[in-house]
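Work through the following exercises with the model at hand, and compare each solution with what you find in the coordinates.

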Amino acid sequence: MVAEVVELLGAADVVVDMTVGAGGHAAALLDAGVRDVVGVDRDPEALARAETSLAGYGDRVRLMQARFSEVDEDVVGRTVGGVLFDLGVSSMQLDEGERGFSFRTDGPLDMRMAGAADDEPSARDLVNELPEGELADILYRYGDERRSRRIAAAIVRRRPIQTTDELAGVIVSAVGRRPGGPHPARRSFQALRIAVNRELEELTASLPHAAGLLDPGGRVVVISYHSLEDGIVKRSFRDDDRLQVLTRKPAVPTDAERDANPRARSAKLRAAGRVEDAA
Ligand SMILES: C[S@@+](CC[C@H](N)C(=O)[O-])C[C@H]1O[C@@H](n2cnc3c(N)ncnc32)[C@H](O)[C@@H]1O
């Protein structure tokens with residue numbers, strides 16, 4: 001949804017891109033006339049990509065490795081005209097088997113966006129150590145997986161599970177596979193990724209910081225891919241006296257965008273502006 005992002009943030013002097021990834025949105029904003037971009041990502045591999053892809057913009061780009069919940073006005077050193085969040089994982093992370101995000105590519109069951117050097121628990125830790133009930137709750141809550149109890153029971157029976165292939169196999173044998181239907185492990189993998197990276201807690205903590213980071217008239221734009229994320233964004237914008245909602249209904253991708261990028265199918269974009277006289 002690059003066109004909407006550029007339309008909403010292209011007139012800002014400085015934009016903090018909280019999820020810089022490979023730098024696609026950042027480059028579009030710089031090309032549209034944004035003077036400087038501060039690019040944040042918790043993934044050192046994503047930052048290395050962004051460093052290469054944005055090298056041509058020289059000192060108009062500053063990159064920092066951080067969780068976005070840690071980034072506020074003090075960390076950036078000033079207030080800015082725009083803040084962008086493009087949530088979730090990148091296709092780069094999904095495609096890299098070694099990162100353990102995908103049920104399609106075999107690899108160690110990891111899923112930490114900050115990489116294996118991170119000292120937070122990995123997907124392997126959750127899958128092998130959580131009590132069955134907690135595991136089922138994660139699959140149900142973050143993956144809308146209605147067969148969560150059956151899957152959690154199968155996982156506990158088959159522990160230890162070390163790889164993405166092993167986990168996908170356990171799920172398929174627990175619930176079967178419908179020809180032509182979505183892969184039965186899709187929802188469980190999404191749920192584990194959200195839990196491992198504490199994605200909802202990150203978003204909840206970060207949105208108030210983003211409002212505080214804005215100049216009067218500045219804008220915050222969030223693209224989310226899951227109804228739980230969208231609900232957090234909607235409520236946080238609505239309940240923050242410093243913000244005025246700019247998108248009563250969220251913007252969604254065009255048919256062409258959906259066709260070009262299946263991951264974008266569930267995307268929802270919401271924006272809010274900082275009111276002039278906020279305390
Ligand atoms: C969908 S991708 C962003 C793609 C980017 N907009 C582009 O144009 O290339 C999401 C990125 O956000 C990062 N990310 C997700 N949660 C984060 C968090 N809490 N703090 C910092 N980065 C995060 C991921 O590591 C990933 O690189």
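**Exercise 1.** Determine in which order the strands form the open sheet, and which strands stand at its edges.

*Solution.* In this predicted model, seven strands form an open sheet with mixed pairing, in the order β3-β2-β1-β4-β5-β7-β6; strands are DSSP runs (E, at least two residues) and helices likewise (H or I, at least four), numbered from the N terminus, and two strands pair if DSSP finds at least two bridges between them. Next, β3 (61-65) and β6 (243-245) each have a single partner strand, so one side of each lacks a neighbour in the sheet. From one strand to the next, the twist averages 20°, where axes are lines fitted to C-alpha atoms, for helices over the stretch in contact, and angles run from 0 to 180 degrees between N-to-C directions.

**Exercise 2.** Describe how β5 is joined to β7, and which helix packs on the sheet touching both.

*Solution.* Strands β5 (residues 214-224) and β7 (residues 268-274) run antiparallel and are joined by six bridges, and V222 stands opposite R270 in β7. Helix α11 (residues 199-213) then packs on the sheet, in contact (heavy atoms within 4.5 Å) with β1 (14-17), β4 (80-86), β5, β6 and β7, its direction making about 150° with that of β5.

**Exercise 3.** Identify what M18 touches beyond four places away in sequence.

*Solution.* With residues up to four places away left out, M18 touches V40, D41, F68, V71, V83, L84, F85 and L213.

Residues are numbered from 1 along each chain as its sequence is written. Local features need pLDDT of at least 70, side-chain atom pairs count only at pLDDT 80 or more, totals for chains, interfaces and linings use all residues, and side-chain values use heavy atoms, without hydrogens and water.
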